[in-house]
Each structure stands twice: as structure tokens, then as C-alpha cells.
Amino acid sequence: ELILIDDLLFALVGIEGRYISIKRVHGKADVVSFQVDASMDLALQELAKRIFPLCESYLLIDEFVESRSQFKHGLVNHAFAAALRAFLLDYQAMVAQLEHQFRLRRLSIQGLWFYCQPMMGSMQALSTVIRKVSANNYAGSAVLNLLQSQAKAMAGDSAVRSLLEKMTHSASNAYLSILERWIYEGVIDDPYGEFFIAENKSLQKESLTQDYDAKYWGQRYSLKKDIPSFLANIAGTILTTGKYLNVMRECGYNVQVPVSENSKLMTFGSNHQYLECVKAAYEFASGELLSLIKEKYDLIGKLRSIKHYLLLDQGDFLVHFMDIAREELLKKHDEISVEKLQSLLDLALRTTAAAADPCHEDLTCCVERSSVLKGLSRLKDLDIKNVSHGNDLEEPISITGLETFSLSYKIQWPLSIVISRKALTKYQLIFRFLFHCKHVERQLCGAWQMHQGVRALNSHGTAISRSSLLCRSMLRFINSLLHYLTFEAGFFVLEPNWHVMHGRLQTAKSIDEVIQHHDFFLDKCLKECLLLLPELIKKVEKLKSLCLQYAAATQWLISLSIDIPKLDEQSDGSVGSGKLKSKNPSQVQKVMTRNSAVTDSILKFEREFNAELQSLRPILSSSSQAEPYLTHLAQWILGVGNDQ
């Protein structure tokens, strides 16, 4: 028995004795067993075998400590191994005390078994954790989650549970130091890739102003799958906090969350103090970034400036620009000189009220390669109704600068987080639609002025009077559309939506809320400007096309109509001596042919315009049930139709 006790004391610290040997399974480092010599008394063998699990656990833990202390296994494993090493020191002290008792001849084998009992449960629980960590090669969050789950599973054994919780706290210290730097400085100090936030350095902030599908804000920093369970509910807040601080660092501001002793993240537990620390850090970072972007970089002022130019809030510069750039805009899109347009735009800005806007120098012009309808069909992320009709959006045979001209805006970091390339593209789509509507209105106004110029002629009942009525109907249509859309008179779409967004931006608590409100404003404007309703926008484009064709033909129609009465006077009136001359048959035929051609042309325009207008009615009526904002437009358009 004394010999066996001596061997067991050696076995407890992983050393073979005279009658106790260690057997290892080849290829399985975590499978180890102790064996007692078969020649020993059976009763002693059974008592020894009871203590062997403790010996095996010690050997397993000791080997784990040695292997996991290597650099490649990461900070959490290092910290866990250090905590295990400290625990083994206590265990070895217990073995030393037992050996002392043995040397004093006060220790029997039953006594040895009795004194080993308290350590048995703890060592076995730790060896279970270690086997799982080794088998799955866990690191970082996975180790912390395993320790936590094992601690919860040991609810019935308070001593073991307390030990596992202590191990969890020790292992998490290194992890919390990484977390601290992230939420207090916006820096990922993670040499072993254990932190649950990943950084994609290939995504650069410059992409926000260049790429429509830029992933910078959403994917530069992202959450990994392995998140510590005690941080799972606030992982999004932690990610956002560091992102906000990082933006300020990118702007050259070395902002650091004020840290007191109470806000040190050196432990976590049932008091949830670490949750309060994270919440306080988030509120500080969010408030600082919002203040920086709103005040230092004047976000609201920049958005208001974009509203002035791209949403035609102040259209005087555009009227002047359309006058001086008319010749260039009439060219085909691939023949236009963008440099010339830019110089004309600068001239228009300097000579109108826009010159008082400090941001007007950020305004630039560009010429797109396709029409608005084609541009919309390529933007897959937009919620375009009835996308199956996208292929029916016909491109005009020869598009000019009037269909492809657009304004752009220079946006610098960090405002590009809110006014990204995607947001600017949506502004441009609305601008191009409004710009073309303005062009149609100007052409029809020119046609109307020509009609007014010949009012002195007694044109009642003639082709001119009919043409005048058609011109008035077309003008009412395009004016109704602009009235519905723009700031000048309508107050149906852009202006009320702007006021709602402006109010929300004033009360926003974070930059993500600002982005959300701004994107919602743009999507709502696109939708209410009909740009996300292909069937409706196609009808509107067809009506605009008819208006432009008619306006282009007006001069020819009026000049022919004026000549017809003159021919009548020459053929029917008295000349010279006052004697009545008979009508010249060839002149009469000529008058009738020309009069018929003019009337037929006007009637053709009238039929086509009325047919398109009538076909718009059912579409508007049905759409306005699902989209209530179309009710206003339906009233205006139906009003034009009723006048007809």
C-alpha cells in the first residue's frame, strides 16, 4: 500500500512509478490512460483506478498549457493557458501537502482518495473543455463561448461552476482589451484575427463617390460568425461605435472616448456593467460624428444646395443656361463638348442668383450615354414596378444632349457617406426628368407665342384656331406635370418630401439614421416622380415626344395657314380697277390642297395626343388606388382631358 501511495503521488503530477505506467494511443495526443501492475492486490488496484481520472486530467491540462502558450494560438488561448497554469500551481500545492503527510506516515490510500475528491470534479470539467478546444482547434470567441456554456451546464455544482466562470473571466481579459481599443479609439488591434469584427482593407472610402454599388460603408467593417455569447445582443452597437470613431480618424480627428476607471472593460458578469460602457461609448461616438458632419462639414447646407440645382428649387440659372447652351444641347450626345457646356454652366451660375451660393462651384455637368428610361432599367436595386416591361423601354433613334444632359456635384469625404454615388445618381435621374419636362414646356411656350403673334388675323374656324387649342392643351398637360412635380407651384412631391426629410435629419441620433432618412427621401421622390412606374412613365414620355414634334412643326403649320387667306384674297378680291375677276382654278386647287394638308397635320397631332391622354386615364386611375400620391396627378391630367 505504501509503495502504491508513493506511485500515485507521482502519477498525480504525470510521472510513471514502479507499478503504475502511462499508456498513450498513437496519433491521439488527448487520449492517455494510467495502468496499474496486474500482480498487485485487486483491492489496491480498484482504489488506484479511482484516482487515475485525476491523474489523466492533470496530464491533459498540463500538455494543453504547454501547447496553447505558443504564439500561433492567439491571445484568448494564451490567457486561458495562463489561468490553467495558475490553477495547476494550486493543484501541485495540494499534491505537495499530501506528499508531506505521506512522509509523516499520516496518509493511507483511503485518505488519499478522500483528499483528492474536491479536485476531481474541477479537473474533469476542465479536461472536458480542453478536449473540445483541442479537437475543434478553437480560438478567440469559440473558446469563450465554450467556457460559458460549460459553466451554465454545471449549475448543480457551485464549485465547478465558479471555477469555469473564473476561467472565462481570465480568458476574456485579452479579448476585452481588443474590444476596448475598438469602442474607445476605433482601432482593431487583433494580431491573431480573434475579434468578431473583420476589416476589409480592399474597400476604400474613395469608392463612395465613384461606384454606384460601393460596399464601403456596409462592408469595410463587418461582423464575423463567431461572436461571444455575452456580446451577441450588442454586437451591432459595438460594430457601429468603432465605425463612427474610425470615420473621425479618417477625417484627421484623433477623437477618443473619455475613459474612467468605471468604464474599463476588464470583466463582465451578472451586473452587466460592460453593457453600460458600450452604450456610453456608442452615444459619445455617434454624437461626435453627427456633430462633425452636420456642423463642420455642413451636411444640411450641402443637401440644400443640391436641392437648389438638381431638384430645380432655384431655376433661374437653368433658364439662362438653357438659353445660352441651346445650340450645344441640340447636338447628338457623342458630339457634345462637355468642356463647353461646363463653361456655359459656370457663366449661368455667375450671372444669376446662384452666384451667392458658396457651394455653386461644386456643381459640374456631364452627358450620359442613354436616356433616362434606359438608365433606370440598368439600376437593379431600385424597386421598379413591373420590371418585366423593362425591355419595352425604347431608346429614341437619335438622342441629343437634351435627353442626356445632367448636372453632377463634387462630394468630399465624409459627406460621401450620406451623399454617395448611388444617392447622387438618384438625384440625377430626377433632374434629367425635370430638365426634359422644362425643355418641352419651353418649346410649347415658343409655339404658343407664335400663335399669339397671328391672333390679329381673323382665324376663327380655321386651322390656326384649332392648332391654338391643341397647343393650349399640350401646355396645360406639361404645366400640370411640372406643377405636380416641382417646387414652383405644385408642392405635391419634392417640396413636402424635402420638409419631412429635413425635420427627420434635425432629430436623427446617428449617421446611420441620417443615411436612412436621406435614402428614403430619394426613393420616395423617384417613386412619386413616376420614375419607378415604367408603364406610366412610358406614356408620359410618349406625350412629351408628341408635344416636341408638334412644337417643331408649329412654324410650318402657321406659315402655311397665314398664306392660305392671302391666296383667297388674291383669287376672290377686286384688284386695281375694282372689277371682280374670276377665280383661277389652279390657285383654288392649290389653296384647298394646302389647307387640307395643314388641317390633316393638326388633326393627326390632336388625335394622337388625345389618344395617349385618354390611355393615360385608366392607368392613372388604377395606379392611384395603390399609390395614393398619384391622385393629385390624375386630377390634373383628367382636367386637361375634360377641357379637350
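Let's start inside the protein, at strand S6: Phe405, Leu407 and Tyr409 point one way from S6, Ser406 and Ser408 point the other way, and all are buried. The model you are looking at is predicted. S6 covers residues 405–409 and is mostly covered, with 5 of its 5 residues buried.

**Around strand S6**

S6 has a partner in strand S5 (residues 363–367), and the two pair in the antiparallel sense over 5 bridges. Within this pairing, Cys365 stands opposite Leu407 in S6. Leu407 also turns up in the largest nonpolar core, which has 198 residues. The residues with the most contacts inside that core are Leu12, Leu112, Ile238, Phe321, Leu407, Ile511 and Leu531.

Ser305 is found in helix H10, residues 299–310. With a relative accessible area of 2%, below the 20% cut-off, Ser305 is buried. Not counting residues up to four places away in sequence, Ser305 touches Asp357 and Cys359 as well as Tyr409.

**Helices side by side**

Two packed helices are described by the angle between their axes and the distance between the axes. The table shows two such pairs.

| Helix pair | Angle | Axis distance |
|---|---|---|
| H18 (residues 494–507) and H19 (residues 511–528) | about 170° | 9 Å apart |
| H3 (residues 74–103) and H5 (residues 141–153) | roughly 45° | within 8 Å |

H18 and H19 pack at an angle of about 170°, which makes H18 roughly antiparallel to H19. On the H18 side, the contact is made by Leu494, Asn497, Trp498, Met501, Arg504 and Leu505. H19 brings Val514, His517, His518, Phe520, Phe521, Lys524, Cys525 and Glu528 to that contact. H18 also holds Glu495. Glu495 counts as buried, at 11% relative accessibility, and its side chain makes a polar contact with the side chain of His499 at 2.6 Å.

The axes of H3 and H5 cross at roughly 45°, so these helices are oblique to each other. Here Val76, Asn77 and Phe80 in H3 meet Val143, Leu144 and Leu147 in H5.

**Backbone details in the loops**

Most residues other than glycine have a negative phi, and most peptide bonds are trans. Some places in this model depart from that pattern. A cis peptide bond joins Trp413 and Pro414, with omega about 10°. Pro414 has its place in the loop between S6 and helix H16 (421–453).

Asn137 has a positive phi, near 55°. Asn137 is found in the loop between helix H4 (109–136) and H5, and counts as exposed at 53% relative accessibility. Asp298 also has a positive phi, near 50°. Asp298 lies in the loop between helix H9 (273–296) and H10, and at 39% relative accessibility counts as partly exposed.

**The whole chain**

Stepping back, the secondary structure of the protein comes to 22 helices and 8 strands. Of its 644 residues, 49% count as buried. Among contacts with a separation of 6 or more, residues 24 or more positions apart account for 74%.

Technical notes. Residues are numbered from 1 along each chain as its sequence is written. This is a predicted model: local features need pLDDT of at least 70, side-chain atom pairs count only at pLDDT 80 or more; totals for chains, interfaces and linings use all residues. Side-chain values use heavy atoms; hydrogens and water are left out. Helices (H or I, at least four residues) and strands (E, at least two) are DSSP runs, numbered from the N terminus. Buried means under 20% relative accessible area, exposed over 50%, partly exposed in between (1.4 Å probe, protein chains only). A polar contact is a pair of N or O atoms within 3.5 Å; within protein, one must be able to donate a hydrogen and the other to accept it, and residues adjacent in sequence count only if both atoms are side-chain atoms. Contact means heavy atoms within 4.5 Å. Two strands pair if DSSP finds at least two bridges between them. A nonpolar core is a set of buried Ala, Val, Leu, Ile, Met, Phe, Trp, Tyr and Cys residues joined through side-chain atoms within 4.5 Å. Axes are lines fitted to C-alpha atoms, for helices over the stretch in contact, and angles run from 0 to 180 degrees between N-to-C directions. Angles under 35 degrees count as roughly parallel, over 145 as roughly antiparallel, 65 to 115 as roughly perpendicular and the rest as oblique.
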